[in-house]
Amino acid sequence: MRAILAVIHIVVSVMLIFAVLIQHRKQGGFSGVFGGGTQADAGQWQRFTGLTKITIVLSVIFMVTSFFIVFLN
């Protein structure tokens, strides 16, 4: 079980690194990160690109596998 989880974690890690590196850089940087959200941002998921959605899903899988690896040890 640990070996399978470790392999999945490594594969997800490499895929996440690749997904982050191939994304296009946007203008503005951190300008809207702190306190820039409004109620209009509630439907943000539909406006994300496919690559951004993949990055989010991979990061969640990465966090979950990290949790289970620590839990099993």
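Helix 3 runs for 23 residues and reaches 33 Å from its first C-alpha to its last, close to the 33 Å expected at 1.5 Å a residue. The expected span of a helix is taken as 1.5 Å times one less than its number of residues. Helices here are DSSP runs (H or I, at least four residues), strands are DSSP runs of E with at least two residues, and both are numbered from the N terminus. Before we go on, please keep in mind that this is a predicted model, in which local features need pLDDT of at least 70 and side-chain atom pairs count only at pLDDT 80 or more, while totals for chains, interfaces and linings use all residues. Residues are numbered from 1 along each chain as its sequence is written, and side-chain values use heavy atoms, leaving out hydrogens and water.

Now step back to the whole chain. The protein chain has three helices and zero strands, so its elements read α-α-α from the N terminus on, each helix being a DSSP run. Of the 73 residues in the protein chain, 14% are buried. Here, buried means under 20% relative accessible area, exposed means over 50%, and partly exposed is in between, with a 1.4 Å probe and protein chains only. The protein chain exposes about 6,100 Å², and carbon and sulfur atoms supply 72% of that area. Such accessible areas come from the Shrake-Rupley method with a 1.4 Å probe, and for residues only the protein chains shown count as cover.

Let us turn to helix 1. Helix 1 covers residues 2–21, and its 20 residues should span 28 Å at 1.5 Å a residue; its end C-alpha atoms are 28 Å apart, which agrees. Which residues of helix 1 are buried? They are L5, H9, V12, S13, L16 and A19. Seen down the axis of helix 1, these buried residues fall within an arc of 135°, so they line one face of the helix. The arc is that of the directions from the helix axis to the C-beta atoms. On the face of helix 1 turned away from its buried side sit the exposed residues A3, I4, V7, I10, V14, I17, F18 and L21.

What covers the buried residues of helix 1? The cover includes helix 3, residues 50–72. The cover works in the other direction as well: in helix 3, T52, T55, L58 and T65 are buried, and what covers them includes helix 1.

A19 is found in helix 1 and is buried, with a relative accessible area of 4%. A19 touches L51, T55 and L58, not counting residues up to four places away in sequence; a contact means heavy atoms within 4.5 Å. A19 and T55 are 36 residues apart in sequence, yet their C-alpha atoms are 5.9 Å apart in space. H9, also found in helix 1, counts as buried at 15% relative accessibility. H9 touches F62, T65, S66 and I69, again not counting residues up to four places away in sequence.

I8 lies in helix 1 and counts as partly exposed at 39% relative accessibility. I56 lies in helix 3 and is partly exposed, with a relative accessible area of 29%. I56 and V20 are 36 residues apart in sequence and 9.9 Å apart in space, C-alpha to C-alpha. For the chain as a whole, among contacts between residues at least 6 apart in sequence, 86% join residues at least 24 apart.

Finally, look at the chain ends. N73 has its place in the segment after helix 3 and is exposed, with a relative accessible area of 67%. The C-alpha atoms of N73 and R2 are separated by 8.8 Å, although the two are 71 residues apart along the chain. M1, in the segment before helix 1, is exposed too, with a relative accessible area of 73%.
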